[in-house]
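Visitor: I am new to protein models. Please show me how to read one, feature by feature.

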Amino acid sequence: MRIGFIGVGTMGGPMALNLIKAGHELVVTDVRREAAEPHLAQGARWANSAAEAAQGAELILTSLPGPKQVEEVALGEGGVLQGAAQGAIYADLSTSSPTLIRRIHKEFAEHGIHVLDAPVSGGTRGAEQATLQVMVGGDEAIYERVRPALLAIGDKVSYIGDIGSGEIAKLVHNMVSYCASLALAEGFTLGVKAGVKPEKLLEAIRGGAYGQGYMLSYRIPEKIFKATYDEAGFALRLARKDVGLATELAREYDVPMAVASLAEQALIQGLVRGWGDKDSSAIFMLQEERAGVKVRTE
């Protein structure tokens, strides 16, 4: 496939190299020409602008820092829109704005150019080893056309939904990840200050329900998506007891626990609602009420 690749930095660089290894014909460009030297050495051609990289390409990919750069490269002077041919496909691999990619989709459609959002997750190691998760939004038929190329950069390529859906999924993923990091920071500082070695805490957490991915593999799809809260695997009242014991321990050792305190208050609200004997995942219903939406599969 003839591919124009714009942005061969920390993430884009390894992805572009994997596309070359997979046999695709690449034209690359970046704000720093030296970043493209490994790609040129492997047979890629250099373009002096995004528009030039897009010329004659069946697929145009961008891997950029954020919405400002995506908008400039896609719609600005010398950008993708000025170079892409009718029928070409533009897919943005960046973590960017769903609102922006929807606007780009609309403007490109007026020129007969297809648009997908396809943000990736897996870090630099995933980019180097081609083990990224690629989250794609847009027309499913267009997705199917480029899926073989995307499989060169990630072994987990998923169609998420309409345009912007990939970006929404990526933003939710990152938000959940960083919020969980704060809870882990509280847990590890509490555990270490209370006298447990950090490597032993890691061993215990990895081996437990949380570390084995029980929330994502079972409780969300089987309890929350189906709202089967009356069949309690672990009662909410017991969860409140456990979190309360942890925050009590934190007070003994003067460890701030902002995230744990929020969780404890939510569990108390659940008890006040009379949910004590429901599955502890019933706490999801409080956020559903606040957000005005129910998280259920069809």
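Visitor: How many salt bridges does a search of the whole structure find?

Guide: Start with the general idea. Side chains of opposite charge can pair when their charged atoms come close. The cut-off here is a side-chain nitrogen of Lys or Arg within 4 Å of a carboxyl oxygen of Asp or Glu. By that rule, the search of the whole structure finds 15 salt bridges. Keep in mind that this is a predicted model, where local features need pLDDT of at least 70, side-chain atom pairs count only at pLDDT 80 or more, and totals for chains, interfaces and linings use all residues. Residues are numbered from 1 along each chain as its sequence is written, and side-chain values use heavy atoms, with hydrogens and water left out.

Visitor: Which side chain meets arginine 219 in a salt bridge?

Guide: Aspartate 279 does, at 3.4 Å from N to O. This pair links distant parts of the chain, 60 residues apart. Arginine 219 sits in helix H11 (residues 214–224), while aspartate 279 is in the loop between helix H13 (258–272) and helix H14 (284–291). Helices (H or I, at least four residues) and strands (E, at least two) are DSSP runs, numbered from the N terminus.

Visitor: Are arginine 219 and aspartate 279 buried or exposed?

Guide: Learn the scale before the case. Buried means under 20% relative accessible area, exposed means over 50%, and partly exposed lies in between (1.4 Å probe, protein chains only). Arginine 219 is buried, and aspartate 279 is too.

Visitor: What about the pair of glutamate 37 and arginine 33?

Guide: Their side chains meet in a salt bridge at 4.0 Å, N to O. Glutamate 37 has a relative accessible area of 40%, so it counts as partly exposed. Arginine 33 is partly exposed too, at 41%. Now try aspartate 242 and lysine 241, which form a salt bridge with their closest N and O atoms 2.7 Å apart. Aspartate 242 is partly exposed because its relative accessibility is 34%. Lysine 241, at 42%, is partly exposed as well.

Visitor: Which residues are linked in a network of salt bridges?

Guide: Glu71, Arg103 and Glu107 are.

Visitor: What is the volume of the second largest pocket?

Guide: On a 1 Å grid over the protein atoms alone, a pocket is an open set of points where a 1.4 Å probe fits, with protein on both sides within 12 Å along at least five of seven lines. Lining residues have an atom within 4 Å of a point. The second largest pocket has a volume of about 690 Å³. It is lined by 34 residues, and those closest to its centre are Ile6, Gly7, Ser63, Leu64 and Pro65. Helix H4 (67–75), strand E7 (120–121) and helix H9 (165–193) each supply at least two lining residues.

Visitor: Is leucine 116 buried or exposed?

Guide: Leucine 116 has a relative accessible area of 0%, so it is buried. It lies in strand E6 (residues 114–117). Its C-alpha atom is 9.4 Å from that of glutamate 140, 24 residues apart along the chain.

Visitor: Where does isoleucine 168 lie?

Guide: In helix H9. Isoleucine 168 is partly exposed, because its relative accessible area is 37%.

Visitor: How many helices and strands does the protein have?

Guide: There are 14 helices and nine strands. The C-alpha trace spans about 65 × 40 × 30 Å along its principal axes. Of the 298 residues, 42% count as buried.

Technical notes
Grid points are joined across faces, edges and corners, and a volume is the space filled by probe spheres set on the points.
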